[in-house]
Amino acid sequence: MIARRSRRFHSYRKLAVAIAIGYLVAAAIYTAVTAILFASGHGHWSFQEAALPRLNDVVVFTFFAVCGASVGSFLNVVVWRMPQGLSVNGHSFCPRCRNTLRVRDNVPIFGWLWLGGRCRDCRLPISSRYPIVEAAVAMTFACIGTLELYGWNLPYHPSPFRSGMLTPMVSTYSIVPVTYHLVGLAIAWAMGLIRYDRNGIPARLVYFAAAWLMIGMILVPALASVPWQLTLPEGWYTLINGEPRARHSTPAHLGEAILQNLANVPLLINTLVRILTALVAACFFARVMARALCPQANLKTDPLSNHTQRLVDLVMMIAVVALTVGWQSTSGVLIAASLFACVAGRWFGPDRTDAMGRFSLCLPVALALQVLFWRPLMDSGFWPSAPTLAGSNRGVILGFAMATLCIPLWLRQSASPESQNASAEPESPSPLHPSDSDSDPDE
């Protein structure tokens, strides 16, 4: 037993070293290959001149990956503590020996690998869920943050490929929407993981999500990204891209712009309608999917039951999607998430979670893919999306909305007594794995 643990410990450490070395090698290969391609296509550029912007790519990607891993580590704390009504502040500690974790042990992903998946003091196991969540959020932040900073994925933004060197324009104008969407995705991950554990979404998290997504959109209407109409409003490109002189505004200029937005009554009303349509769409789609995920929910006769709580949580999770990408694309995200959840059922059986838990875990994945490929999906014409200059494909939007009625055909909460007992909300948080009960995800 001791020898096997020792071999596992050293294998985890070797994996940590291999990941670090592999990342450095991949970054070097990316920089060299892309620099050679750029330099060969433009005779007036040397290899060194073409390599510098590509090094910027690696720095930007790494920056967002590190931020995402740190946020994923914090989400582990949120998911474990918030359902119990505990504060998310304070130092991390082992729940068995109660010893405070060292700073070096709190390094996302690598801290767990370097410890061999066990506490340094009591040597009790720590679930692999924690580095998996950190890695998933890190990749979400790295891919979306990098592409959005370069302006590749956001709709209605100018094409980034007009610049020969393809360098990002870092300013308040570009940082604000990136931050807005990444925090929104972090909220989606938190809600999904909490529901995966069969816990109700805490009110504190709902209040924070409402404040961030709604108030942020009211203060900066450009964060809406897409209009609520089926036809593109006049001046929408100017609203999204800003005036040419304001594209590199300082935070002070951003404050002045916020005051101007609040004083612009027509713009404020348009933003409020954008929020309202998103919430209405969330309620509609949640009620449609309730037949599959919480068929016994009833807001009228039994508003305080666990089944009704599941329906309310479903509304909250879908509202995050609708507020982020607009009501037009919500049906596409829901269908994709339901299909992912159906496939994930092969690995996440009823002993780990229920159908709604699988769907909740897959929803932030589908939302991340929607944001990552936002512009290509809109330009394809085969995905429900906001209008373009060519108009809006209303038939596609209606078709996907009708297709959500068919989700119960492939994703349904089992009606067996065992499943119904599993779907009831536990009195305390239900971890992902049995070993999770031995550890606090405070990393």
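Aromatic pairing was examined across the whole of the predicted model, and the search returned 10 aromatic pairs. One of these joins Y156 and Y237. The ring centres of Y156 and Y237 lie 5.6 Å apart and the planes stand at 90°, so the pair is edge-to-face. The cut-off for that class is an angle over 60 degrees. Y156 is buried, at a relative accessible area of 6%. Y237 is partly exposed, at 32%. Together with W236, Y156 and Y237 make up one aromatic cluster.

A further ring contact involves a charge. The charged end of R346 is placed over the ring of W347. The distance from that charged end to the ring centre is 5.4 Å.

Salt bridges were considered next. Side chains of opposite charge can pair when their charged atoms come close. The structure holds four such bridges. Among them is the bridge between R54 and D57, with an N to O distance of 2.6 Å. Both residues lie in helix α2 (residues 47–81). R54 and D57 are three residues apart there, and about one helical turn therefore separates them. Both R54 and D57 are buried.

A second bridge joins D313 to R195, at 2.8 Å from N to O. D313 lies in helix α10 (residues 306–325), whereas R195 lies in helix α5. The bridge therefore ties together parts that are 118 residues apart in sequence. Both ends fall under the 20% cut-off for burial. D313 is buried at 2% relative accessibility, and R195 is buried at 1%.

Helix α10 also supplies R310, which forms a salt bridge with D354. The closest N and O atoms of R310 and D354 are 2.9 Å apart. D354 sits in the loop between α11 (327–344) and α12 (355–372). This pair, too, links distant parts of the chain, 44 residues apart. R310 is buried, with a relative accessible area of 1%. D354 is likewise buried, at 4% relative accessibility.

Cysteines were then examined. A disulfide is a covalent bond between the sulfur atoms of two cysteines. With a cut-off of 2.5 Å between cysteine sulfur atoms, the count comes to zero disulfides. C67 is partly exposed, at 28% relative accessibility. C122 is also partly exposed, at 26%.

The surface was finally searched for patches. A nonpolar patch is formed by V17, I21, V25, I29, V33, L37 and W114. The accessible area of these residues together is about 630 Å². Helix α1 (residues 2–41) gives the most to the patch, contributing six residues. V25 is found in this helix. V25 is partly exposed, with a relative accessible area of 43%, a value that lies over the 30% cut-off for patch residues.

Definitions and conventions:
Residues are numbered from 1 along each chain as its sequence is written. This is a predicted model: local features need pLDDT of at least 70, side-chain atom pairs count only at pLDDT 80 or more; totals for chains, interfaces and linings use all residues. Side-chain values use heavy atoms; hydrogens and water are left out. Buried means under 20% relative accessible area, exposed over 50%, partly exposed in between (1.4 Å probe, protein chains only). Rings of Phe, Tyr and Trp (its six-membered ring) pair if their centres lie within 6.5 Å; planes under 30 degrees apart count as stacked, over 60 as edge-to-face and the rest as tilted. A charge sits over a ring if NZ of Lys or CZ of Arg is within 6 Å of the ring centre and within 35 degrees of the ring normal. A salt bridge is a side-chain nitrogen of Lys or Arg within 4 Å of a carboxyl oxygen of Asp or Glu. Helices (H or I, at least four residues) and strands (E, at least two) are DSSP runs, numbered from the N terminus. Patches are made of residues with over 30% relative accessible area and no salt bridge: like charges are joined within 9 Å, nonpolar side chains (Val, Leu, Ile, Met, Phe, Trp, Tyr) within 5 Å. Accessible areas come from the Shrake-Rupley method with a 1.4 Å probe; for residues, only the protein chains shown count as cover.
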